[in-house]
Structure formats: C-alpha cells, structure tokens
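These are my notebook entries on a structure that I looked up. I record each item in the order in which I examined it.

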Amino acid sequence: MTQRRIPYLILAPGLILLILFLVLPLISIIFPTFFNGGITFSNYTAFFLDEYNFGIFWRTIKVSLIATLICVVVGVPTAYYISQSPKKWRGLLMSITLFPLLTNSVVRSFAWITILGQDGIVNHALLTIGLISKPLTLLYTEFAIIIGSVYLFLPLMVITLVGILENIDSEIMEAAETLGANRLIAFVKVILPLSVPGIIVGSILVFTGSMTAYTTPQLLGGNRNIMLATFLYQNATALGNWQGASVIALIMIVATLIVMKLFNMIAGRLDKRGEVSA
C-alpha cells in the first residue's frame, strides 16, 4: 500500500505549486467575468458583438494559422533533410536551427524592423534591381507579424519533426522506390503520413506560441494590427480594465484548446494509430 502512494507523494509538491500559482490565480481573474448580480455571459457576448474586438480575434486566429501552415510546409522538408544527414553534420545543422531561440525576442523583432522597413534591406534591394518604383509597406502589417512568427517558432517545428523522422527506417523509402515510386512520391505517400504525430505536436506549439506572443506583434504589427495578446496588455495596463483583460485571457485559452482539439481530430483521421494527446 505504501509503495502505491510513492508516485502520488512525488507528484504532490508539483501539483500543489501548480494549483497555487496557476489554477487559483486563473480562477480568481476569470470567475468574476461570469457574475454580474448572477451568472451571465454578457461580457463574452459583448466582446464578440463588438466589430473591433471580433476583428482582433479573427486577425489573431488567421495570422496564427497562416504562420503554422508555413512552418509545416518549410519545417517538414527541412527536418527530413537534417534527419537524413550524416551524424557529424546533424549536430551542426541542429545548432543552426536553434540559433534564433538563443537571441532575445526583442532583438529579433528589431532585426526584422531593419529588414522590412521603408528604408530596409528588402525595399532597398527591390529598388536597386528595378522591381519596384517606390518602397513597399511591409512593416506594421499582418505580413510582418507572420514573418516574425515563422522565424520565431519554425525551430520548434523542426526540432519536433527531427525526433520523429530519425526513427523512421530508411529502408521504407528504399522499398517504395523499388516498387516504382520516385523519391518525391515516396516522401509524400510514405514519410509524410508517418510524420503526422510530429506535425500535429509541432503545429500545436507554433499555433499556441503565435497566438500568445506579445513582443513580435507589438513591434512588427504596430497599433494598426493589434493581436489578442497586445489587446489584453492594453486593457490591463493602459486602460486598467482588468475584467476586459480577463475576458480576453479566457477567450485565448478556449480558442487555443479548440484548435488543439481540431488538430487532434485531423491527426486521428490521418494517422490511424491514434490521436496525439493535447
């Protein structure tokens, strides 16, 4: 009987800390949003009925999904290339992949400001070769937020997929090619389905990171392209509207859980071995 209690005793300190510093504070800020003389959902219906608020919500979901899709398209072949590289080069390639995570997010965002600005590297290059006659508006747009998010979270996608792809037997590709499939078809029909669990996990990491990021949307999107995280910060600090900030926080949590569930449903359809737990 005592041995059965040992795992619970080991988990107890972590669970207590989790409840004290995560669950209870979360309940304390979200619970009041459902009460106004009684149980009500008026704060949430008012949020979605407001065109400005709904526009911020939709922009956040859209930008996060686009960033996630780009990370999948770029991350899968990149991770496959790294996983198939000789071991002596694999460590170096992984270090290069992880390099963006070693720099501060503010520094990364200011680097993209230099690249995407009116007098930035991209506009200067396009003007020099004559593709444009005047600078493009790349900075303080949804495009800039997407670029910054992809740069920030692509390493998470690659790292997740490399671990999955390394465990796929190379003889599977050889067998597919022996049966007449070229390398591209073999990759799409054999390797890609086997990497679905890693794609789902990586997509969840990228989506949640993009949706909750503050620094990148604030610096690259500006005040014209506010995301939910920056909107929450404005309500809590600039406006002192803590109830409004709490409403936004719960909406972000619920939206993230819904998207994670959708990813799991997709995984269940594509990967018959089962769903990835969220």
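**Entry 1: Aromatic rings**

I began with the rings and found that ring pairs link Phe 47, Phe 48, Phe 54 and Phe 57 into a cluster. I took rings of Phe, Tyr and Trp (its six-membered ring) as paired if their centres lie within 6.5 Å, with planes under 30 degrees apart counted as stacked, over 60 as edge-to-face and the rest as tilted. The model is predicted: local features need pLDDT of at least 70 and side-chain atom pairs count only at pLDDT 80 or more, while totals for chains, interfaces and linings use all residues. Residues are numbered from 1 along each chain as its sequence is written, and side-chain values use heavy atoms, with hydrogens and water left out.

I noted 11 aromatic pairs in the structure. The ring centres of Phe 47 and Phe 48 are 5.3 Å apart and the planes stand at 85°, so this pair is edge-to-face. Phe 48 and Phe 57 also form an edge-to-face pair, because their centres lie 5.3 Å apart with the planes at 85°.

I then looked up burial (buried is under 20% relative accessible area, exposed over 50%, partly exposed in between, with a 1.4 Å probe and protein chains only). Phe 47 is buried at 5%, and Phe 57 is buried at 16%. Phe 48 has 33% relative accessibility and therefore counts as partly exposed.

**Entry 2: The nonpolar cores**

I next asked which residues touch the most other members of the largest nonpolar core. They are Leu 161, Leu 165 and Ile 191, in a core of 30 residues. Such a core is a set of buried Ala, Val, Leu, Ile, Met, Phe, Trp, Tyr and Cys residues joined through side-chain atoms within 4.5 Å. Helices H3 (51-84), H7 (142-165), H8 (170-178), H9 (183-194) and H10 each give two or more residues to this core; helices are DSSP runs (H or I, at least four residues), numbered from the N terminus. H7 gives the most, with 10 residues.

I recorded a second, separate core of 26 residues, which includes Tyr 44, Leu 228, Phe 231 and Leu 250.

Ser 203 lies in H10, which spans residues 196-212. Is Ser 203 buried or exposed? I found a relative accessibility of 4%, so Ser 203 counts as buried. Beyond residues up to four places away in sequence, Ser 203 touches Thr 68, Val 72, Met 157 and Phe 263, where contact means heavy atoms within 4.5 Å.

In helix H12 (residues 228-238), I listed the buried residues, among them Leu 228, Phe 231 and Asn 235. Just after H12, Gly 240 takes a positive phi of about 65°.
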